[in-house]
Amino acid sequence: MSEFAAVDVIRAKRDGHALSDAQIDWVVDAYTKGVVADEQMSALAMAILLRGMTPAEIARWTAAMIASGERLDLSSVTRPTADKHSTGGVGDKITLPLTPLVAACGVAVPQLSGRGLGHTGGTLDKLESISGWRAKLSNDEFKSQLQEIGAVICAAGEGLAPADRKLYALRDVTGTVEAIPLIASSIMSKKIAEGTGALVLDVKVGSGAFMKDLTTARELASTMVRLGRDSGVNTVALLTDMSTPLGLAVGNANEVAESVEVLAGGGPADVVELTLALAREMLAAAGVDADPEKVLASGRAMDTWRAMISAQGGDPDATLPTARETEVLRATSDGVVSGVDAYGIGISAWRLGAGRARKEDPVSFGAGIQLKVKPGDFVRTGDVLLELRADDPSRIPAARDEAAAAVTIGPERPTPVKLVLDRIA
Ligand code: URA
């Protein structure tokens, strides 16, 4: 006989009660072991989404998810460590230039990343467009690369927070992804288990993000900052705009190319601005005094990028894959670009094959969208607004409609939106 019955835990949350520490420990452990069934955990996840959790419940739930697996010990790494986590956006390739940049400034960056699902891209999918690059590393390879190069971007090992892996897949198909206690515990359990000393959260706000408004984004950010601090991880969060895609490239290979431009001293202004803002936060959280702008200009971040890619079997000089088909979308009137909607562009890139519908699906590395305009740009009828890229031409029509609806042209310049909207520490 087990100590608890899942149905009692579900009823307690359904009726708006706080769960006890023992109930939380039991239900997370029993679900991981398959004792609590998927349908029971689905009901509990929905009750949590509707009823919420107290800060004490969220902290205990996070601790139970960490305890479901291993905790990495990075004490052998001699430099301070800092990681960054983005809640996911469109064109968000910032991890790619940021990781080597911060490493080149003297902080070790243990970046365990994920794959894209739905309209938001995944860092591992982007990097896999580099010939030979390997996402899977053993814990020993991970630690030795972190010590020697200072920068690692790889997949989280199977042993890290297995409760989250199972629960996240369930939430994805039961309409329960959006619960703040579940998002916060999911992200923070993995980051705390990874062993980083400092963490900077990039909480995205806007149409292309999970959090569509500042109020819910602030609540998510403060919940995660509290969880990190209470576990001894020096955590801060930036709330950043995701109403329009970051940079000009949305896809996989084209986002790698844009990141390399940033490392070479160029690249779109918004990508450079956010990379530097997050780098400053990571350096401050790790207690290292360095100027990331100078380090970027010196070329040292590019050297670290090349070393990081080579260490994982990738060829930093390899030609990146290109799509078989391209089509341009042109302006049908004169005016000013008043908006480029992140969600619409994300869905369109996904339809072109840059993303996946199911976890098992492959992505097309060359597929995606290359924007030719940003909000505030003047255009004339016939000017190219964006380029659609796909390997499979049958994917283009639906993607074209979505992309066309995402770009709006009006008579006046829109009010510029700030990239960094708030900071929560
Ligand atoms: N990313 C995660 O890792 N977990 C969530 O719940 C949402 C985004």
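I took rings of Phe, Tyr and Trp (its six-membered ring) as a pair if their centres lie within 6.5 Å, with planes under 30 degrees apart counted as stacked, over 60 as edge-to-face and the rest as tilted. I noted that this is a predicted model, in which local features need pLDDT of at least 70 and side-chain atom pairs count only at pLDDT 80 or more, while totals for chains, interfaces and linings use all residues. Residues are numbered from 1 along each chain as its sequence is written, and side-chain values use heavy atoms, with hydrogens and water left out.

**Aromatic pair.** By this rule I found 1 aromatic pair. The ring centres of phenylalanine 4 and tryptophan 26 are 5.8 Å apart and their planes stand at 50 degrees, so I recorded the pair as tilted. Both phenylalanine 4 and tryptophan 26 are buried (under 20% relative accessible area, with exposed over 50% and partly exposed in between, using a 1.4 Å probe and protein chains only).

**Charge over a ring.** I then looked up lysine 166, whose charged end sits over the ring of tyrosine 31, 4.4 Å from its centre (the rule asks for NZ of Lys or CZ of Arg within 6 Å of the ring centre and within 35 degrees of the ring normal).

**Sheet.** I found an open sheet of 4 strands in the order β6-β9-β11-β7, with antiparallel pairing (strands, E, are DSSP runs of at least two residues, and helices, H or I, of at least four, numbered from the N terminus; two strands pair if DSSP finds at least two bridges between them). Strands β6 (249–251) and β7 (325–330) stand at the edges with a single partner strand each, so one side of each has no neighbour in the sheet. Strands β9 (residues 368–371) and β11 (residues 384–390) run antiparallel and are joined by 4 bridges, and glutamine 370 stands opposite glutamate 387 in β11.
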